[in-house]
Amino acid sequence: MLRKWSNMKQLFKKILSKLKKRKRVSFTELFDHFQQLIKENNTSMEIISNIGEKLSGEYIFDKHFIDTQTNALFGSVYRMIYHLESMAPGKYTDLFYHYKKIRSEIEEELKGNIIIPKGKYVIPYSKIKDELEDAVGGKNTHLGVARNILSVNIPEGFAITTKGFSKIVKESKIGQSISHILSMWQQNKISSEDASKKIREIILAYKLPRDLCSEVINHINKIKRKTKGNDLFFAVRSSCIGEDSEHSFAGIYKSFLGVPAKEVLNRYKEVIISTYSERALEYRKNRDIMESEIAMAVGCQKMIRAQVSGVIYTLDPFNIQDDKIVIAATFGLGEELVGGSVEADRYYIARTPPHDIIGMDIVNKPYMKKFDFNTMSIIKGDVPEKKRDKPCLSLSQIRELVRIGIMLEKYFKHPQDIEFTYDEQDNLVLLQTRRLQIEKKRIQMKCDLSDLNSFKKLLAGQGEIVREGVAIGKVYKVTSSEDLDNVPEECILVTTSSSPMLAKVIKKVNGIITDIGSPIGHLATIAREFRVPMIINTKNATKILKNGQKITLNATDNVVYEGYIKELCYYEFAEEKFEEIKEYRLLKRIYKRISPLNLVDPTGDNFRIENCKTFHDIIRFIHEKAVQELIDQNYYTDPAVSNSSIKLKLNIPLDLKIIDTTRKTTDSSSELDIHHISSLPLKYFLNGVCSENVWSTDPIGVDFKSFMSSMNKTFAFEMADPRFVGQNLAVISNGYANISLRLGYHFTMIDTLACDNPHDNYIYFRFFGGVTEDTKRSRRAKLISNILIEQDFLTEIKGDLVVARLKGLPKEEILEKIYVLGILVGFTRQLDVKMVDEHQVTLYSKKFHEILLQQNLKQTQINL
Amino acid sequence: MDNTQISILILDDEPIVTKRLKPSLQKKGYLVETFTKSIDAINRFKEKPFDIVITDLKMEGMDGMEFLTQVKEMRPETEVIVITGFATMDTAKESFQKGVLDFLAKPFKLSEIHEAVAKAEKKILDQKE
């Protein structure tokens, strides 16, 4: 006990000496740094949203743009750290380290070196998305996207990245010999056959890098542990850069089936060797593909015990005009199905919803190919007699395949050539999806756009493009959350606002059109991730478009046509996809390192420097801490400055003090009138709080249990953090406000910016606590959360904590939302006491609506 | 193809720009050729006059300003649209003095280049009448 106490004492001493050492910053200096910091904060966020906007596909940008924007961001974030460091010397120095780490990763990307998450050579499929294509090749990327974005089942496995290939073929001691052979061959001094043979010998004799081998073995072992002792075999497949996209390379590179775990590395080497097969060399030479462009990644997938396998062409390439999907399937493995050595059933399905089955061609299937796990080879087996003449796919399986086929085509913006299998448990497993090779001529025949003007334009040039692309479908209007539960597949969603609630149906819909919305809000981000064509701010789409109406959304040219114009879709197929352009992928990779926000909740355990993974995290962290530093400094450590805030004159008993960062000195003797507040957001908020019938003054009875609970709570709170006992406080500048309120033992924080550029604007709202016991407090939190969701906030709720965010709206709309928040804060102030049962949540939700209706928003605007 | 089809030459040393502009303008019905080297572009222009030229300013070798000067000297009726990532008042001024019709700072929206091209097309057709 005694020892513990002396340890504690030492700890206190340590902390005290640290505090003493810290340089004291004068309040004026503090203010100055804070103002600069907010300025840099806005600049950084502007750059991030600027970059995000360029990912819509609507813009033409180049490498120069990427370079200048990232450099500007480096500077701005660095200066933010500097200003925070100046406000609280020595307290946040670690930020520099995390900043440097993220910055050097981005710089590597800019130099053209792809950063591979965790490790050097291997990425599991669970971590692969489209921006990693340069590291894992087309085939692996497509599978990763199908799994991680579209939730399609794929085999377990991993990719050995192009870094392995570069290490072996370019950087190792054999690299020079290989490039020498290649240059001899390019000068026609040796034949393709000789070149291929020589390279093969060199690679065969080469010992694979030790770290590559151990990474591969680690990942195999991970899969082994999951399979729990069952036989484990792999398919080892080539996944070359550019393979499956503009050039088909079909069958040029090697793939192996039924590879036992211990053979995977040898087969990997074989695939690498096949990069230089005679055929591959010739193929590339004939198509002017430079040898330096070639990089081979390899996919290792756990073998599936196939019951039924097949291929889907989402557009019949031989009869494009018929506009149908073809599925060919047979029992067992599908490996030789395309070659025609095994009989297969064929199913023809209409491409237009509801996807009627047009025809079936069921054949006699006496044999099937299967993998013999004993001899480790593919053998021909008999199909049981009674099954031979039966269709190998059920109707529900056909439906499932069509749904997945259309989904993949929609995402990759091109008809797909898909390989699938059904495993022993009848689960669908996607083995491969790639661009269907269609002769350009055939597509062009189908794309006569001269009739385009004969289609009626319902909307033209009215909106803002969030995500490019063409989509056809029936209009489905969403006005309530119930409508959202019944969204039909492949419709075009038409709504008043771009509410984050819509994100949950994104996979079902073909396109989105809204009356108003934010190009950088949550839904916009999700639409880009899922590549769903989307236009916002059309003003009146919900009025013009009718439920069930057939329309074509051309979100590339910002037009909505009446009727289905399939030619436009076909035209899109023929175009190069901007997502596949190198610079676009680079920008997307960089965006991933700057934009995602992991530090969402400042009260959460993970809100710490070491969890800053992106620049946005760092920016968010600094912003939060800067405001805290300002508040703490002002009230608890520096008595000299406690007078520099102003008290506000209000018609309700809200004791609110204001620190106006635009003023150098403040006259603390007088009270400030609401009309003289320089910050618009604070003005709107207070107008909301003070509006009629909102601030209930009824005395509220608290039962004994609640009272006791509040007693405990208050103590705990006060002990935990001195700020909670403190003042109601607002830190403001013209378009900015940070409002902290402690009303009836709950804590509300609003941080908001409302300026002329919608991209910079945001509202961050946080609420927790209360006087009553947990359930009642949670009910109030639920009520608040319901109201915020209806107001289009991205809302998270955990017990009695509600965190809500909104961004990218024009100033007027942000201010309107803040006004509503004012009403909400006033209205729910003491409500936890009244939340005796769940029914109260609905009841008070309704009451809130009534109050909102009563308050004429426009009236308030005039008052200001 | 009828002979009234407007022809466009695009010159930008970053392939992403030409790659994206070409299909988007073709879809609008224009005849489009693209170049990433100014020397190839000027040689082609000597062979075949284009109605509209879209060019970047800063490039290796002959820069865009010199290229457009030569274009305007050879064929004054060709309308030139400048696209640049280094937009300054001076370069804009100089471009307009040389008879450039429009000046777009990169990055720009596809709709903006469509508008600029439509403006050029209208001017060309008006002059033909």
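Me: In this predicted model, what makes Ile60(A) a partner of a residue in β6(B), and which residue is that partner?

Reply: The bridge partner of Ile60(A) in β6(B) is Phe108(B). The bridging is between β1(A) and strand β6 of chain B, residues 108–109, where 2 bridges join the strands and the two run antiparallel. Because two strands count as paired once at least two bridges are found between them, the 2 bridges of β1(A) and β6(B) meet that requirement.

Me: How do you know which elements form the side of chain A that touches chain B?

Reply: The contact takes 16 residues from chain A and 15 residues from chain B. On the side of chain A, the elements that give two or more residues are β1 (59–60) and α3 (63–87), and α3(A) gives the most, with 3 residues. Sorted by class, that side of chain A has 7 nonpolar, 2 polar and 7 charged residues.

Me: What is the angle between α2(A) and α3(A), and why are they called roughly antiparallel?

Reply: The axes of helix α2 (residues 27–54) of chain A and α3(A) cross at roughly 155° and come within 9 Å. Angles over 145 degrees count as roughly antiparallel, and therefore α2(A) and α3(A) are given that description. The crossing in which α2(A) passes α3(A) is left-handed. Among the residues that meet here are Leu30(A), Phe34(A) and Leu37(A) in α2(A), and Leu73(A), Val77(A) and Met80(A) in α3(A). The residues of this contact divide into 11 nonpolar, 10 polar and 2 charged.

Me: Why is α20(A) called oblique to α23(A)?

Reply: The axes of helix α20 (residues 680–690) and helix α23 (residues 811–828), both of chain A, cross at roughly 40° and come within 7 Å. Roughly parallel would need an angle under 35 degrees, and roughly perpendicular begins at 65, so the angle between α20(A) and α23(A) makes them oblique. The contact includes Tyr684(A) and Phe685(A) of α20(A), together with Ile818(A) and Tyr819(A) of α23(A). By class, the contact of α20(A) with α23(A) has 13 nonpolar, 4 polar and no charged residues. As for handedness, α20(A) passes α23(A) in a right-handed crossing.

Me: What makes α23(A) oblique to α24(A)?

Reply: Helix α24 (residues 839–854) of chain A packs against α23(A) at an angle of about 135°, with the axes 11 Å apart. Roughly perpendicular ends at 115 degrees, and roughly antiparallel needs an angle over 145, so α23(A) is oblique to α24(A). This crossing, too, is right-handed, as α23(A) passes α24(A). The contact is made by Val820(A), Ile823(A) and Phe827(A) of α23(A) and by Phe848(A), Ile851(A) and Leu852(A) of α24(A). These residues comprise 6 nonpolar, no polar and no charged ones.

Me: Why do β2 and β5 of chain A stand at the edges of their sheet?

Reply: The open sheet has 5 strands in the order β2-β3-β6-β4-β5 (chain A), with antiparallel pairing. β2 (122–124) and β5 (255–260) of chain A each have a single partner strand, so one side of each is left without a neighbour in the sheet. From one strand to the next, the twist averages 25°.

Definitions and conventions
Residues numbered from 1 in each chain as written. Chains lettered and ligands numbered in written order. Predicted model: local features only at pLDDT ≥ 70, side-chain atom pairs only at ≥ 80, totals over all residues. Contact = placed C-beta atoms within 7 Å. Helix = DSSP H or I, 4+ residues; strand = E, 2+ residues; numbered from the N terminus. Nonpolar A, V, L, I, M, F, W, Y, C, P; charged D, E, K, R; others polar. Axes fitted to C-alpha atoms, helices over the stretch in contact; angles between N-to-C directions. Left-handed = near helix turned anticlockwise from the far one by under 90°.
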